[in-house]
Structure formats: structure tokens, C-alpha cells
Protein chains: 2
Amino acid sequence: MREHITPAQLTTWRLFITAHATLIEQIDRELAAAGCVPLHWYDVLVELYEAPDRRLRMAELARRVVLSRSSLTHLADRLEREGLLRRARVDTDRRGAYAVLSEQGEQALRRAWPIYARGIVQHFIRHLTDEELQSLTDIFQRLLMPATPVNG
Amino acid sequence: MREHITPAQLTTWRLFITAHATLIEQIDRELAAAGCVPLHWYDVLVELYEAPDRRLRMAELARRVVLSRSSLTHLADRLEREGLLRRARVDTDRRGAYAVLSEQGEQALRRAWPIYARGIVQHFIRHLTDEELQSLTDIFQRLLMPATPVNG
DNA sequence: CATAGATTGTTGAAAATGCAACTACCTTGT
DNA sequence: ACAAGGTAGTTGCATTTTCAACAATCTATG
């Protein structure tokens, strides 16, 4: 299996990593400066926000934010300690637990959103044409496809 | 300053985050399975490898791998403990320190490269046309531009 | 040359992350 | 119904990352 890779291809990959790190770092700094929840917390909370009943099974939530189950447990502990979410039992499976967005969690989302949105626009969207936006969406979806066999 | 953001734009952004996390996770897992250095270590070592004299000032290295100076200090401590790099004094600035790639560090790079390259191809390059590769390079460079005022 | 202000890199403590082991529970096959 | 094996989530611990404070040194200005 030949896995040759050209310098140009490697450059693209490395720019991908660097661009990501730089953008996240910048936006996270802006959120912190505004006294908002960090980006990673936001991602978790917003998944709950969009889910039916503002709740998701722990494992499903972990999958969505690309975390191990144990990492999510710890993160959820912190969020719960801050009152941003609570856990709830699952009627149909006594092992299971829902993570449920709390009222405070929703407020935290609303508070952070303007800052976050501004960051996304200024550091990301702003630099892209509509075609590029569409192309990026296609590409990222394609990259994720192998990892998500059925559930699109 | 209107910072409106469309659902499609937000989707692109979120796919960016998710795709990145997924790819890194996958490649890191493969490196670990092969008993190689983790991706983050690799990134640091390869910067040194490409630098003149296999060495870089700590602050410059930190900038390149998008880490805070203090985080890099700790990371360099670990790499030094593993014998993958060493520190050296700077003649012209007695505060300064070089991080220098060691022979062992170079070996670690060489050992990890095939695994890493395979991961990059299989999870990233493989899914992209040549045009897309070029387009991504342009885009990521553009995204990074604001952060690097002069020095391209 | 003296001093105020920046910059370099490190430190120690706190927070976050990941791994392996564990409990509790569900599912399957017999 | 029961054992074997799988899954959900948590726990403790070790590793990694971040933050604020610090000492040492450099630089610029008067």
C-alpha cells in the first residue's frame, strides 16, 4: 500500500491543524475575556439545547462532541457543579443517564452566543466566499463519512 | 456591527471543529497503537527537525505549534525526559533557551512518519481532489493571515 | 548609566483529559 | 430462568494543559 504524500499535501494538512488551533484559541480567549463559558462547554450545551427535551444520553452526547465516555462524565460533572446541566434517569434503561440542559445552562448559552458568533464571523466566515463555504461543508462532511457509517 | 450568521455558515463551522477532532483522534489512536509518539509531540519535534541546526528558541517554537510559552516548557520537559530533545543556551541572550532535536528525537520522528503519513492520506488526502487540496491551502492560509501580520 | 518597562523562560498549583478497571444493568442463547 | 457476554456510565489515578506569578535579562529613554 503506497502512502506517498507530496509536500503540498502535507502543507495542507499542517495548515489545517494550525488554522484550527489558532481559531479555537482566539475565540476561546474572547469568550473568556467576556466572562463566558469556554468553547468546549458551549459545544456540549448547544447539543443539549438542540436535542428534543433538551436532553441526550451520555454516550450519544459524547459521540457528538467527539469525547470518550469517561471524559464526558468528568466534563458533565463540572457543568453540573456549575448548575449548567443536570442528570436525569432513563425510564427504559436503569444503567443510563440523560444529560439535561438547565435553565442556567440555557442562559449561559444565550450569554455566550453573541461573542461566539462574532468570533466565528470575524475569524472564519469573513474570509470565505459563499462557494468556499459550500465547498468546505462538502469536504468536512466527506471527511466525517467513514467515521459515521449509517447515522448521517 | 452586524454579526449575523446563517445556519449554513454555522454548520460549516461546526463541521470544521468536528472533522478536526475526529481526524486527530483517529490518527492519534493509530500512532499510539503503533507505539509511536503522540501527534502533538510529533508536531513539536518536526518543527525542530526543519529548523536550521535542528533548533528553535522556545518562544518561537511555542508560536509555531500554537501553544503558550508555559505549556511548551512543560511539554519540552517531558520530551527532554524522554531524550527526544535537549535544551541549549543562547549566546546572544542569557534569558533564552534553544530546544534542540536529539538523535533519539529524530529517530522517533522517522519511526512515526509512516504511520502518520498513512493516517493523513487515508483520513484526509484520500477524500480530496487536487483542486480541493489547493483551495483548502488557500483558505487556511487566509484564515491565518490576520494572526501573522508580517512574517509569512 | 540608571531606571522603567518588556520579554524570556520557568515554576507550582489548579483544572482538564484520558485510561483502565469497575459496577450495574441489559441481551442473547440455551 | 440462567449464565455469558455486551453496554452505560462512573471512578480513581496518572498524564497533560492552563494560569498566574516570578526571576532573570534585555531594551529604550532620559
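Trainee: Which residue does Arg55(A) stand opposite in strand 3 of chain A?

Mentor: Val100(A) is the residue opposite Arg55(A) in strand 3 of chain A. This is a predicted model: local features need pLDDT of at least 70, side-chain atom pairs count only at pLDDT 80 or more, and totals for chains, interfaces and linings use all residues. Residues are numbered from 1 along each chain as its sequence is written, and chains are lettered from A and ligands numbered from 1 in the order in which they are written.

Trainee: How do you know that strand 1 and strand 3 of chain A pair?

Mentor: Count the bridges. Strands pair if DSSP finds at least two bridges between them. Strand 1 and strand 3 of chain A have 3, in the antiparallel sense, so the label holds. The strands themselves are DSSP runs (E, at least two residues), numbered from the N terminus, and helices are runs of H or I, at least four residues.

Trainee: How many bridges join strand 2 of chain A to strand 3 of chain A?

Mentor: Strand 2 and strand 3 (residues 97–101) of chain A are joined by 5 bridges and run antiparallel. Leu85(A) has Leu101(A) as its bridge partner in strand 3 of chain A. Arg89(A) is partnered by Ala97(A).

Trainee: Why are strand 1 and strand 2 of chain A called edge strands?

Mentor: Start with the order. Chain A has an open antiparallel sheet of 3 strands, ordered 1-3-2. Strand 1 (55–57) and strand 2 (85–89) of chain A each have a single partner strand, so one side of each lacks a neighbour in the sheet. From one strand to the next, the twist averages 30°. Helix 4 of chain A packs on this sheet and touches strand 2 and strand 3 of chain A. The direction of helix 4 makes about 115° with that of strand 2 of chain A.

Trainee: What is the strand order in chain B?

Mentor: The order is 1-3-2, in an open sheet of 3 strands with antiparallel pairing. Strand 1 (55–57) and strand 2 (85–89) of chain B are at the edges, each with a single partner strand, so each has one side without a neighbour in the sheet. The twist averages 30° between one strand and the next. Strand 1 of chain B pairs antiparallel with strand 3 (residues 97–101) of chain B over 3 bridges. One bridge partner pair is Leu56(B) with Ala99(B). Helix 2 of chain B packs on the sheet, touches strand 1, strand 2 and strand 3 of chain B, and makes about 95° with the direction of strand 3 of chain B.

Trainee: At what angle do helix 2 and helix 5 of chain B pack?

Mentor: Helix 2 (residues 39–50) and helix 5 (residues 103–123) of chain B pack at about 120°, with axes 10 Å apart. Each axis is a line fitted to C-alpha atoms, for helices over the stretch in contact, and angles run from 0 to 180 degrees between N-to-C directions.

Trainee: How many residues does each chain give to the contact of chain A and chain B?

Mentor: Chain A gives 37 residues and chain B gives 37. On the chain A side, helix 1 (7–33), helix 5 (103–123) and helix 6 (130–144) each give two or more residues. Helix 1 of chain A gives the most, with 14. That side divides into 22 nonpolar, 10 polar and 5 charged residues.

Trainee: Why is the relation of the chains called a two-fold axis?

Mentor: Look at the rotation. Chain A superposes on chain B by 180°, with 0.0 Å of shift along the axis and RMSD 0.1 Å. That is the relation of a two-fold axis.

Trainee: Which residues are closest to DNA strand C?

Mentor: Ser70(A), Ser71(A), Ala59(B), Ser70(B) and Thr73(B) are the closest of the 23 residues around DNA strand C. A residue is near if its C-beta atom, placed from the backbone, lies within 6 Å. The surface near DNA strand C has 6 nonpolar, 9 polar and 8 charged residues.

Definitions and conventions. Ala, Val, Leu, Ile, Met, Phe, Trp, Tyr, Cys and Pro count as nonpolar, Asp, Glu, Lys and Arg as charged, and the others, Gly among them, as polar. Two residues are in contact if their C-beta atoms, placed from the backbone, lie within 7 Å. Copies are superposed by least squares on the C-alpha atoms of residues with pLDDT of at least 70 in both.
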